[in-house]
Each structure stands twice: as structure tokens, then as C-alpha cells.
Amino acid sequence: MADHHIPDGPFDIPDVPDFVPRRVKPWLFIFFVLIVQFSGGLYLAAVTDMAGSTALMQQDILMAGYASLIGMSINFAVMFRIKFRFSTRTQLLAAGAVLAIANLICANTDSVPVLVITCFIAGWFRMQATLACNSTIQLWLTPVRDMAIFFCYVYLVVDSAIQLSGIATIYTAFFSQWEYMHWIMITLLLLMMLMVLIFLRPLRPQMFIPLKGIDWRGSLLWAVFMISFTFICVYGNYFDWWEAAEIRIATLIAAASLAVNLWRASFLEHPYISFEALTNRNVIRATVVYLVFFTLLATEHVFEHSYALNILGFDETNLIDLNWYVFAGIIVGCGFTYFTFALRHWSYRTMTTIAFSLAAIYLAWFYFGIDYGVEKESLFVPLFFRGAASVIISIIYLTSVVQSGLSFQVFPEALTVNGFTGAVMGATFGPAIVGEILNRTIAKNATLLGSAITDTNLSALPSHIGELYGRIQLHALVVSMKEIYGWLLIIAILCLIVLLISHSSIWPQTLLPKWFRRLSLRDKSPT
């Protein structure tokens, strides 16, 4: 098969009738994918409002939100099978209906199992609708199917939608109620479904593949493992880890489901995730980098909200305005990766070094600049660099999975592993570790700061001793944050040193993948 595919004539979308101008057709699908990405079923930006108006804890809402990411990850292994079985019109109509129902359920229930299951299903259909839209306009974005270019667009849309949906959710709750965000998204989803009925034809896929031979039991077992792993990370601090029966049971379920999956993969001809995908070098490299990199940035989930809310005194609207800084970093990071990595083929080592350098700047700013009187505008630099660093590392290592040499049949399985390790583990594993360290560090520093207050001088203290202890706890929080930022900064600098020597004669073998010829998804398809 040829290395590049050049379409015959101007780009066109046969699914859309000719009465729609050809130049408008791709933008129609971008509009669809934005609606789909905004409608997550549950909106984590409203976690405080939801916890305040329902009987749910913040951990319950976070668990449901991460269940949506797990649903998206599980879908990767079968998304191409679904695409080649149903028309784009059918996929978008089904996804729109399911997401609308999911929004309706999430706005009216306080049952944690219902929320988790609903968000898991919503995530599955959101991923399928996203693929249906993006694959339709892929040749419009990159006529040679260069996946590095395509992934710059994907992360620009996906990560930007995360930030913008958070902003929209908070301002909706500020001017009315948090439930109104669900009704707004239901309205937009119904509008999308109406537009799909009007502007899309039910064309059967050119490569029709029936849904036979899919290991659905394996998909359920992998989902159980991912949800159990996420449960441990989200609720670990709350239940005091393995001191609680809940965490021990979740650990046993996770270990059992993983063991059964690996056992089944050893003899099944087509397991849901094969050993070929699990043991691929680029997949393993991406997993290691994700765990290290997103642990360094775990302070985003553990520190930033507490720092801005409790120390700087920001309200919810000022807090969510910080998303604009991250949004700017995402745009610049995607643009930078497009011009350097996708077009000029800068090496993986160079791009990884840049991403870790931006992460180090983010950590260094907070280590040296954390204080009680920081202005909101001063946070632009660290949050900008954090947004750029995250999107750079995500684009380049998703591209490395494309360059892993896996066959078209196994490649989606590697995407499932990449999606779970990059999105779910990246958002839960690091914060669980850093959160536990923070709790222990606060206890240590509060003891040291309060050691001057003894039983002998309590009578000499003012009557507002409770306020004094509150100040001690607040100061212990700031000191503990600064201490952990310092340790994470040291780790980031050590990672940079390893990256700088990884291609030198000191190191026997490179740690990172290399650019080969431009691999595209079409190159992997059966001839």
C-alpha cells in the first residue's frame, strides 16, 4: 500500500447532501463533536454545588466523572468495528439520545451506582460519536492521514472542551442552578439530532464488518478492573486505605479481574486486549511516562483548588476563570506541537524534554511564588505552562502508539490501554499519592508549628484560641504545599537530566521511541 493517500478531487463528505455547501460540511461535524464533548453526563466543575445540594460526597461525584473516562477508554478497542458496522448517521443519533438521557438522569439522581453506570455508558457513546465525527473529516484535516497532525486537532478539541465546559458550568450555576447546565446540554443534543436527521444520509459503510467475535466478557472484566482501580485511588484517603474493608474488597476485585483477563488472553484467539498490545514497547513507554509526568502535575487536583479557595480567598467564578489560562496553554501547546512535532518531526526526546521543562517551570513557580497575597493574574504563567505541557505529552505519546508497529486489528487495543493510563490513571493515581503525602505533611508541620502552645501557657492565650489553631492549620497547609512542590520539582529536574543523557554515549539504549516514516492509520488497514 502506498505511504500516502491523496484523495481524488476536492474533499467531500458523501453522507451530507449536495444542497449543503462543500466548504460548510466539515464545520458541521466540528459543531457536532463540540456538542458531544461538552455533554459528559456529569460536570465535575459543579462538584461543590452538587455536593451541597445532594447527599453526595465529592469523592462520589469524582468517581462518576472518572467512570465516564473509563467508558471512553473501553470503547477504543471496538470503536472501529462499530464504525464499520453502522452509518455515521446512526452512530450520532444513538449517541445523542443516550447522552441526552444520561444528562437527564445525572440531574435528577443522588444514587452513586446509578451515576457511575450512567456516566460509564455516556462515556462509551461519547467516544463513539467523537470517532464518527473526527474520522469523517480526517482527510480534510490531513489529506495524507498524518496522525501526528490529526492528534493535534483531536486534543485541541477535547482538552479545550474540558476547560470551556467547566467555565460554562460554573457560570450557569452562578446565574441560576447547576442543574440548568444539564438542560442546556439536553437542548443542544436534541438540536444535534435534528440536524443529523436533516443533513446526514444513512449511507452504509464502504467496509461493512459485522459485530462478530468481540470479547464482550473481556470488555466487562477490563471495565471492572479499571473501575476498581479508580475506586481505590479516589476513596483511598477517605477510607484510610487498606484499613477499611471497602478498599480491601476493591483491591481483591481489581486483582481478580486483572488476573482473569490475563489468563483469558493467554488462550483466546481474539481477547479484548491481547498480550501483543499490553507488551508493546511504545505502549509500556507511554504508560511509564504518563505515570511519572501526571504525578508531577497531580498538584492540579490536590493543591490548586484548596490554595485558591482557602488561602487566596477566591470564589467559584474567580476559580473557574483560571481555566482560561489553562485554555490558552492548550491552544499554544497544540499549535507548537503541530509546527514542531507534526510538521518538522522534532524528536520524541526533544518534545518530551520540552514538556518536562514546562512542568518544572510550573512546579518552580509555585515553590518560589506560593504566598498569601498572590493576585489572580499572577497565576497565568504556571497554569499556562501546565496546560501546554499536558497537551504536548499527550499528543506525542499517542502518536508513538501509532508508530508502535501493531497491526490494524491490535492497534485499537493499544489505544484502550493508552486511554486508561493517560486519562484515568493520570488523573487518579498521582493525586492519590500526593494527597496522602499532603495529609501526612500537614500533620507533621501543624505539630511543629503548634509545639510552642503548651498546657502551661494556655491561660495566657487570648480567648479566641480556636482562631489561633485555625491560623496554625492554614500556615501548615501553605508550608506543606511548598514542601511538596519542592520535592516534585527535584523529581522533575532529575527526569530532565535522564532525558538529556538518554541519547548520549553514556546511555546504552534510548529510552524513547524514534520517528520512522510517517505512519498513518490507513497504512495499518488491511490491503
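Student: Why is Arg-349 called partly exposed?
Tutor: Buried means under 20% relative accessible area, exposed means over 50%, and partly exposed is in between (1.4 Å probe, protein chains only); Arg-349 has 28% relative accessibility and therefore counts as partly exposed. This is a predicted model, in which local features need pLDDT of at least 70, side-chain atom pairs count only at pLDDT 80 or more, and totals for chains, interfaces and linings use all residues. Residues are numbered from 1 along each chain as its sequence is written, and side-chain values use heavy atoms, with hydrogens and water left out.

Student: What makes Phe-368 exposed?
Tutor: Its relative accessibility is 63%, so Phe-368 counts as exposed, whereas Tyr-367, with a relative accessible area of 28%, is partly exposed.

Student: Why is the pair of Phe-293 and Phe-356 called edge-to-face?
Tutor: Rings of Phe, Tyr and Trp (its six-membered ring) pair if their centres lie within 6.5 Å, and planes under 30 degrees apart count as stacked, over 60 as edge-to-face and the rest as tilted. For Phe-293 and Phe-356 the centres are 5.2 Å apart and the planes are at 75 degrees, giving an edge-to-face pair. Phe-293 lies in helix H13 (residues 281-296) and Phe-356 in helix H17, so the pair ties together parts that are 63 residues apart in sequence.

Student: How do you know that the rings of Tyr-367 and Phe-368 are edge-to-face?
Tutor: Their centres are 4.9 Å apart and their planes stand at 80 degrees, so this pair is edge-to-face.

Note on methods:
Helix = DSSP H or I, 4+ residues; strand = E, 2+ residues; numbered from the N terminus.
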